[in-house]
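Me: I am new to this structure and would like a short tour. Could we go through the model step by step?

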Amino acid sequence: MPALPLDEAGKYVAGAYLVFLALVLIYVAIMAAKLARIERELGELADLAEERSSNG
Amino acid sequence: MSLLSLRNLAVATAVLLAGGFALVFFHAPNDADQGFIQKIFYLHVPLATCALGGFVVAAVHAIRHLRTGDAIHDARAYVSIHISIIFGVAVLVTGSIWARASWGKWWVWDEPTLVSFLIVFLLYCTYYPLRFAIEDRDRQARYASVFAITAGAFVPLNFLAVRLAESLVHPRVFATAEGGMTGEMWLAFLTSLAGMALLWVTLVRFELVAKSASARISRLRRALDAEAPAGTRSRVAPSVPSTATTSG
């Protein structure tokens, strides 16, 4: 099969690299949500521990 | 596994991937046969190499888990498979885009390279239901390790089957009858491969750090729950199984 002209091939190449970028971004977004949850839980536990220590 | 080294790793990954892609588009010449579309090769092949390599790494961790019984090796095997499956999705999508541009079809069922990779990918997709169908943590880890070793042994077979296959429909850019890649192409390819391998390592370590933090919080929650007066327990430990946060 002959090579595609640049304007035609460019769309496919851009699509492939954008898919890769999108997957990385989705992964980072999911991990950011997980880390936010961990931070929230850690804050709750720290508040509770402080509350306990202040109550004696 | 400090956060500092993870940050350095992430910076190195970003620099290497950006450098690799810059070499792909501004340094490496267009392929004489495929033209500009061959630029997908510098993304697709490193992704596939890292995905398959990751499955083998998972098998090595699984062997270490079965030998030592240390749960950290099981966690590493699990995360290696997890990240390799994500890479596998990218391999299948970028491969399909390349196939559409080169052959005019999104998928070709009589091409051994594509089908064998799909089989390996689907095989590893069964890892999750197999693992989480078992409630007992020790048994879950042992069975998952056995799976990772067995499936990991299948990966080199997949590679050999592809190389031994006579079909030349799938592009063989490393060794074509015309002589293969030029020095500039090799430089771009190896830089992209190194960047992709670093990305794999970074994501694995990132995931392990997050899982470790999550597990520590669960332990802390249980410890505080044990100390709590009866009336306040529900606030510390809601009715979620304690394995839910640490098993995955």
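This is a predicted model: local features need pLDDT of at least 70, side-chain atom pairs count only at pLDDT 80 or more; totals for chains, interfaces and linings use all residues.

Me: How many helices and strands does chain B have?
Reply: Chain B has nine helices and zero strands.

Me: What are the ipTM and pTM of the model?
Reply: The model scores ipTM 0.82 and pTM 0.83.

Me: Where in chain B is confidence lowest, and where is it highest?
Reply: Confidence in chain B is lowest in helix H9 (residues 243-247), at a mean of 38, and highest in H2(B), at 95. Over residues 234-248 of chain B the pLDDT is below 50, and this stretch has 17 contacts in the model beyond near neighbours in sequence. Two residues are in contact if their C-beta atoms, placed from the backbone, lie within 7 Å.

Me: Is Ala22(A) buried or exposed?
Reply: Ala22(A), which is found in helix H1 of chain A, is exposed because 12 other C-beta atoms lie within 10 Å. Ala22(A) and Asp47(A) are 25 residues apart in sequence and 37 Å apart in space, C-alpha to C-alpha.

Me: How many residues of the two chains are in contact?
Reply: In the model, 24 residues of chain A are in contact with 29 residues of chain B. On the chain A side, these divide into 20 nonpolar, two polar and two charged. Here Ala, Val, Leu, Ile, Met, Phe, Trp, Tyr, Cys and Pro count as nonpolar, Asp, Glu, Lys and Arg as charged, and the others, Gly among them, as polar.

Me: Changing topic, which residues touch the most other members of the largest nonpolar core?
Reply: They are Leu47(B), Phe55(B) and Ala148(B), in a core of 58 residues. The elements giving two or more residues to this core are helix H1 (6-55) of chain A together with helix H1 (3-26), H2, H3, H4, H6 and helix H7 (183-227) of chain B. The largest share, 14 residues, comes from H2(B). A nonpolar core is a set of buried Ala, Val, Leu, Ile, Met, Phe, Trp, Tyr and Cys residues joined through C-beta atoms within 7 Å.

Me: What does Leu47(B) touch?
Reply: Not counting residues up to four places away in sequence, Leu47(B) touches Phe87(B), Ala90(B), Val91(B), Thr94(B) and Met196(B).

Me: How far does H2(B) reach?
Reply: H2(B) has 28 residues and reaches 40 Å from its first C-alpha to its last, close to the 40 Å expected at 1.5 Å a residue. The expected span of a helix is 1.5 Å times one less than its number of residues. After H2(B) comes Gly69(B), whose phi is positive, near 75 degrees.

Me: Which residues of H4(B) are buried?
Reply: In H4(B), Thr113(B), Leu114(B), Phe117(B), Val120(B) and Tyr124(B) are buried. They cover an arc of only 130 degrees around the axis, which puts them on the same side of H4(B). The arc is that of the directions from the helix axis to the C-beta atoms. The buried residues of H4(B) pack against helix H2 (41-68), helix H3 (71-103), helix H5 (127-132) and helix H6 (137-164) of chain B.

Me: Why does Asp31(B) count as buried?
Reply: Asp31(B) counts as buried because 20 C-beta neighbours lie inside 10 Å. Asp31(B) is found in the loop between H1 and H2 of chain B.

Methods
Residues are numbered from 1 along each chain as its sequence is written. Chains are lettered from A and ligands numbered from 1 in the order in which they are written. Helices (H or I, at least four residues) and strands (E, at least two) are DSSP runs, numbered from the N terminus. pLDDT is the predictor's confidence in each residue, from 0 to 100.
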